[in-house]
Structures are given as structure tokens and as C-alpha cells.
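Subject: Structure handover and findings

Hello,

Here is the structure you asked about.

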Amino acid sequence: MYQRIRDLREDKDLKQKDLAAYLNCSQQVYSNYELGQRDIPTDILIRLSKFYDVSVDYLLGLTSNPKRNK
């Protein structure tokens with residue numbers, strides 16, 4: 001899961017500080033999410049899912065299909 005959120009961020013040419021600002025957290029906290037040093041809260045997973053337009057299941061690595069059910 002952690003590599004997946006990093007890959008999505010890098011695919012959009014964003015910096016960790018950009019996502020941290022969107023999620024209203026520090027860059028260090030966001031870095032810890034990507035490194036797997038901190039669990040990602042459910043509300044943050046939902047916001048990331050909406051931001052990247054992918055399913056939470058995709059973020060969690062439960063599926064390789066990124067499409068969200070609408």
C-alpha cells in the first residue's frame with residue numbers, strides 16, 4: 001500500500017509537501033505514511049482515493065484495478 005501511494009504521487013509529479021498541504025498534515029507525517037512508519041487513518045485513505053480517483057481497495061493493495069465504484 002505504501003509504495004502505491006508514493007507511485008501515484010510521483011506519477012502526478014507532486015512533492016510530499018503538496019500532498020501534506022492537501023491532507024492538512026506535515027510533510028513528515030505524510031512521509032511516514034509513504035514509508036509505512038505510520039498507519040494511514042481511514043479519513044486520509046478516503047481523501048487520497050478521491051484525490052487520485054482510485055478505489056480505497058486499490059490503495060490498500062486489495063485489487064490491481066484502480067477504478068472507483070461510482
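Is Met1 buried, partly exposed or exposed? Met1 is partly exposed, because its relative accessible area is 30%. Buried means under 20% relative accessible area, exposed means over 50%, and partly exposed lies in between (1.4 Å probe, protein chains only).

Before the rest, the ground rules. This is a predicted model, in which local features need pLDDT of at least 70 and side-chain atom pairs count only at pLDDT 80 or more, while totals for chains, interfaces and linings use all residues. Residues are numbered from 1 along each chain as its sequence is written, and side-chain values use heavy atoms, with hydrogens and water left out.

Met1 sits in the segment before helix H1 (2-11). Helices here are DSSP runs (H or I, at least four residues), numbered from the N terminus. Together with Leu60 and Leu62, Met1 makes a nonpolar surface patch of about 260 Å². Patch members have over 30% relative accessible area and no salt bridge; nonpolar side chains (Val, Leu, Ile, Met, Phe, Trp, Tyr) are joined within 5 Å, like charges within 9 Å. A salt bridge is a side-chain nitrogen of Lys or Arg within 4 Å of a carboxyl oxygen of Asp or Glu. Accessible areas come from the Shrake-Rupley method with a 1.4 Å probe; for residues, only the protein chains shown count as cover.

**Helix H4**

Which residues of H4 (residues 42-52) are buried? They are Ile44, Leu45, Leu48, Ser49 and Tyr52. They lie on the same side of H4, because they cover an arc of only 140 degrees around the axis. That arc is taken from the directions from the helix axis to the C-beta atoms. The background is simple. An α-helix has 3.6 residues a turn, so residues three or four places apart point the same way.

The buried residues of H4 pack against H1, helix H2 (16-23), helix H3 (27-35) and H5. Contact means heavy atoms within 4.5 Å. The face turned away from the buried side carries the exposed residues Thr42 and Lys50. Thr42 counts as exposed because its relative accessibility is 57%. Thr42 and Val29 are 13 residues apart in sequence, and their C-alpha atoms are 15 Å apart in space.

**Aromatic pairs**

How many aromatic pairs does the structure hold? It holds three. Tyr22 and Phe51 form one that is tilted, at 4.7 Å centre to centre with 45 degrees between the planes. This pair links distant parts of the chain: Tyr22 is in helix H2, Phe51 is in helix H4, and they are 29 residues apart. Tyr22 is partly exposed at 31% relative accessible area. Phe51 is also partly exposed, at 32%.

Tyr30 and Tyr33 have ring centres 6.3 Å apart and planes at 80 degrees, so this pair is edge-to-face. Rings of Phe, Tyr and Trp (its six-membered ring) pair if their centres lie within 6.5 Å; planes under 30 degrees apart count as stacked, over 60 as edge-to-face and the rest as tilted. Tyr30 and Tyr33 are three residues apart in helix H3, so about one helical turn separates them. Both are buried. Separately, Tyr22, Phe51 and Tyr52 form one aromatic cluster.

**Two positive phi values**

Asn24 is in the loop between H2 and H3. Its phi is near 60 degrees, a positive value in a residue other than glycine. Asn24 counts as exposed, because its relative accessibility is 71%.

Asp53 follows H4 and lies in the loop between H4 and H5. Asp53 is not a glycine, yet its phi is positive, about 55 degrees. Asp53 is partly exposed, with a relative accessible area of 41%.

Which residues does Asp57 contact, leaving aside its neighbours within four places in sequence? Leu62 and Thr63. Asp57 belongs to helix H5 (residues 56-60). At 42% relative accessibility, Asp57 is partly exposed. The C-alpha atoms of Asp57 and Lys67 are separated by 9.4 Å, and the two residues are 10 apart along the chain.

Asn32 is in helix H3. Is Asn32 buried or exposed? It counts as buried, because its relative accessibility is 15%. Not counting residues up to four places away in sequence, Asn32 touches Gln37 and Arg38.

Best wishes
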